[in-house]
Structures are given as C-alpha cells and as structure tokens.
Amino acid sequence: ESYNCSSLGDHFDATDASALCSVLENSNASSALEEVGFNTKDLEEVAYQGMYAAAEQTALSFYPSERYMVIAPFAVATAVAFVTCVTIVFVYIPSVTSTTLQLRSSVIP
C-alpha cells in the first residue's frame, strides 16, 4: 500500500517526515519496530495528528478571511440582479402585455 506523504513535510521537519513516510510505506519496517519494543501506536498517533492538521488547514482555507471576499461578490451579484430587473421591466413586461392585448382584440389570430 502506498501513502501520499507530501503533506507530512508541512508539519514535520524533512528528516522526521522522510522517516515517518518510509515506515508507513514499508510494513516490514513497522513490524521490525514492534519486535524491538517500539510502540508503533505513538507513530500512528503522530501521523494522525499531522494528517488531521493538514486536513483542518485545507478545510479552513475555503472560508473567506478578509471582508472584501464577502463584499465584492455581494456587490457584483446585486449589480447583476439590478440589471436583470431593469431588463425585465423595460423589455419583457411590455412585450407580454402587448401580445396579450393583441390576442384579445383579434389582431393576432
């Protein structure tokens, strides 16, 4: 089984990340560590904490961090909505009204 160890470098120094990745990728190394009395649960906990921190950082990056990140899209959406409203008022409603009156007065068969 192959592990993607690229995110470990963000949370550990290069030597620790490299060692952790090699142990995670090599099941023989993990069993050899257990044989000499090394508690692999500690290693799993450290790996879990690193991956959890990376996932949390990625999830939090989706939320806006500055005020303009909310205000700018809101202003653009308001402008587009206003232009759409004006277009409907000046084009669509008179056209439908005119067509309805023409149908009622038999101008359009």
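Which residues form a nonpolar patch on the surface? Ile88, Val89, Phe90, Val91, Tyr92, Ile93 and Val96 do. This is a predicted model: local features need pLDDT of at least 70, side-chain atom pairs count only at pLDDT 80 or more, and totals for chains, interfaces and linings use all residues. Residues are numbered from 1 along each chain as its sequence is written, and side-chain values use heavy atoms, without hydrogens and water.

**View 1. The whole chain runs α-α-α-α from the N terminus.** It has four helices and zero strands (DSSP runs: helices H or I, at least four residues; strands E, at least two; numbered from the N terminus). Of the 109 residues, 10% are buried (buried, under 20% relative accessible area; exposed, over 50%; partly exposed, in between; 1.4 Å probe, protein chains only).

**View 2. Helix α3 spans residues 40-60.** Its 21 residues reach 30 Å from first C-alpha to last, close to the 30 Å expected at 1.5 Å a residue (expected span: 1.5 Å times one less than the number of residues). Thr40, Leu43, Ala47, Gly50 and Ala54 are the buried residues of α3. They lie on the same side of α3 because they cover an arc of only 90° around the axis (arc of the directions from the helix axis to the C-beta atoms). Exposed Lys41, Tyr48 and Leu60 sit on the face turned away from the buried side.

**View 3. Val96 belongs to helix α4 (residues 68-104).** Val96 is partly exposed, with a relative accessible area of 37%.

How values were computed. Patch = residues over 30% accessible without salt bridge, like charges linked within 9 Å, V, L, I, M, F, W, Y side chains within 5 Å. Areas by Shrake-Rupley, 256 points an atom, 1.4 Å probe, with all protein chains shown as cover. Salt bridge = Lys/Arg side-chain N within 4 Å of Asp/Glu carboxyl O.
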